[in-house]
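Here's a quick briefing to read alongside the model. Have the viewer open and click through the residues as you go.

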Number of protein chains: 2
Amino acid sequence: MTTTQPADAPTTDTGPASDRIVDGLRRQILTGARAPGTRILQEDLAREFNASRLPVRDALRRLEGEGLVRLVANTGAWVESLSVHECTEAYLIRERLEPLLLSLSAPHLDDAVVDRLADLATRMQGADLETFLRLDREFHLLSYSGGAAPSIEEIVRRLWNSTQPYRRAYAVLVGVADSPATHAEHTLLVEALRRRDPQDAAHVLELHIRRTRVELARHPDVFDTD
Amino acid sequence: MTTTQPADAPTTDTGPASDRIVDGLRRQILTGARAPGTRILQEDLAREFNASRLPVRDALRRLEGEGLVRLVANTGAWVESLSVHECTEAYLIRERLEPLLLSLSAPHLDDAVVDRLADLATRMQGADLETFLRLDREFHLLSYSGGAAPSIEEIVRRLWNSTQPYRRAYAVLVGVADSPATHAEHTLLVEALRRRDPQDAAHVLELHIRRTRVELARHPDVFDTD
DNA sequence: TAAGGCGTGATTGGATACATTCACAAGACC
DNA sequence: GGTCTTGTGAATGTATCCAATCACGCCTTA
């Protein structure tokens, strides 16, 4: 049987070829340089990255898998544009998976990471919205970096990526960023991690995400229906 | 701005082109015709489906996104082979997401679907392992077909697909298939759906999945470490 | 004899050129 | 005047060919 396994361990991918395009386009989408709903032309991308349309297609397929691009056969590619419902779903999933992920990751976080988390939590307070969102993302994803559950971590990362470009939600999130509850929860979370209490940390996180989800659900008007 | 949305609703994909390869290869992996860990040669696939290597590459990229294929740059493609840990993770995720998905789907299931579920639950009893696994999959995925949470449904479907090819777990699952508890839980689930009690159905389902997960965790030896 | 380097072959990655499909719009018919 | 039809154009899908890369086996050497 042709079961020759790759060299040693077939770790993720680490493609040295057209990954330049994947990374670049992902960055453009996450930073908002390409807004949700805008069309992506293969030829434009090819020119932009000095490549042919072939690696571009590979890149689009991969980003489709990540939920950042929507491909329609024989028609074209668009930057993924979540509906209100899909955004709600994302938060429902996060509410279930992230506490689990944190409880699995927590035992593997050393003191240096916890210190870094504490620092991030402090710097978030009083920051402007853009800074808050950047630090908040770094804070939570760092807390999941224990490496105990890579599959869950990947799903969670995709959910963060999917919802991040939706600047329309900023009108609501600015309230979340200013809320004392948000920063209190971050503090509680760090302290639970310092106490090596994964269950408590997970519980705080569940409340944290639920509160944000409910806040978003209260203002469905921030989403246009175009 | 070039924001021209696709025709009407950019529903999923419905690609009329090389999707033949995606469907065919997915089927081969799910049915076990291609075992986990075996290599996939682009040229072989191209010959098999009477196409060039180019649509084959697209297909592999897409199935990589579905978690059924592992691509290593400049090296090749393999049928995804889950580790013990990844399999455990999959069940942990299912334990959290499927009850949620069921509680959202349940209100949208009409009587005909519930009848079909009851029929499937009955036919599962005393069936051989292959039949049980097929009916069990159909049973659970049908119970999620309310269409209330397509994003969650897609994640769950991928998890089912990822774990399905792992015939090594069959030694354990045969015990699950024979267990009276399994069929009792299926019955309870159908009755909860008939009563229109999504919360109860979700609760039963959570116990159902947890029991299977624990059973698998008790026999880590069914997984080789090659 | 065992370990390291090198060459060969096979396989994947990419570029160009052509075929196919779809969207949009202008025109004809009712 | 509205609706259906049809034609044009642009963008995607595919095939073939060439280049780059990696795995495997052989040879050399300590």
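**Rings and charges**

Over all chains, the count of aromatic pairs comes to 0. Keep in mind that this is a predicted model. There are still rings worth a look, though, once you turn to charged side chains.

- In chain A, the charged end of A:Arg94 sits over the ring of A:Trp160, 4.3 Å from the ring's centre.
- In chain B, B:Arg94 lies over the face of B:Trp160, and here the distance to the ring centre is 4.3 Å.

**Helix H1 of chain A**

- Helix H1 of chain A covers residues 19-31, and at 1.5 Å a residue its 13 residues should span 18 Å; the end C-alpha atoms are 18 Å apart, so the two agree.
- Which residues of H1(A) are buried? They are A:Asp19, A:Ile21, A:Val22, A:Gly24, A:Leu25, A:Gln28, A:Ile29 and A:Leu30.
- Just after H1(A) comes A:Gly32, with a positive phi of about 90 degrees.

**The sheet in chain A**

- Chain A has an open sheet of 3 strands, ordered S1-S3-S2, with antiparallel pairing.
- S1 (39-40) and S2 (69-72) of chain A are the edge strands, each pairing on one side only.
- Helix H3 of chain A (residues 53-65) packs on this sheet and touches S1, S2 and S3 of chain A. The direction of H3 makes about 115 degrees with that of S2(A).
- S1(A) and S3(A), the latter at residues 76-79, run antiparallel and are joined by 2 bridges.
- Across from A:Ile40 you'll find A:Ala77, which belongs to S3(A).
- As background, strands of a sheet pair through backbone hydrogen bonds, either parallel or antiparallel.

**B:Leu97**

- B:Leu97 is part of helix H4 of chain B, residues 84-105.
- Its relative accessibility is 0%, so B:Leu97 counts as buried.
- What does B:Leu97 touch, leaving out residues up to four places away in sequence? The list takes in A:Ile93, A:Arg96 and A:Leu97 from chain A, along with B:Ile152, B:Ile155 and B:Val156 from chain B.
- B:Leu97 and B:Glu153 are 56 residues apart along the chain, and their C-alpha atoms are separated by 9.0 Å.

**B:Asn161**

- B:Asn161 sits in helix H7 of chain B, which runs over residues 150-163.
- Buried or exposed? B:Asn161 counts as buried, because its relative accessibility is 6% and the cut-off for buried is under 20%.
- Not counting residues up to four places away in sequence, B:Asn161 touches B:Arg26, B:Leu30, B:Leu68 and B:Arg137.

Notes:
Residues are numbered from 1 along each chain as its sequence is written. Chains are lettered from A and ligands numbered from 1 in the order in which they are written. This is a predicted model: local features need pLDDT of at least 70, side-chain atom pairs count only at pLDDT 80 or more; totals for chains, interfaces and linings use all residues. Side-chain values use heavy atoms; hydrogens and water are left out. Helices (H or I, at least four residues) and strands (E, at least two) are DSSP runs, numbered from the N terminus. The expected span of a helix is 1.5 Å times one less than its number of residues. Buried means under 20% relative accessible area, exposed over 50%, partly exposed in between (1.4 Å probe, protein chains only). Two strands pair if DSSP finds at least two bridges between them. Contact means heavy atoms within 4.5 Å. Axes are lines fitted to C-alpha atoms, for helices over the stretch in contact, and angles run from 0 to 180 degrees between N-to-C directions. Rings of Phe, Tyr and Trp (its six-membered ring) pair if their centres lie within 6.5 Å; planes under 30 degrees apart count as stacked, over 60 as edge-to-face and the rest as tilted. A charge sits over a ring if NZ of Lys or CZ of Arg is within 6 Å of the ring centre and within 35 degrees of the ring normal.
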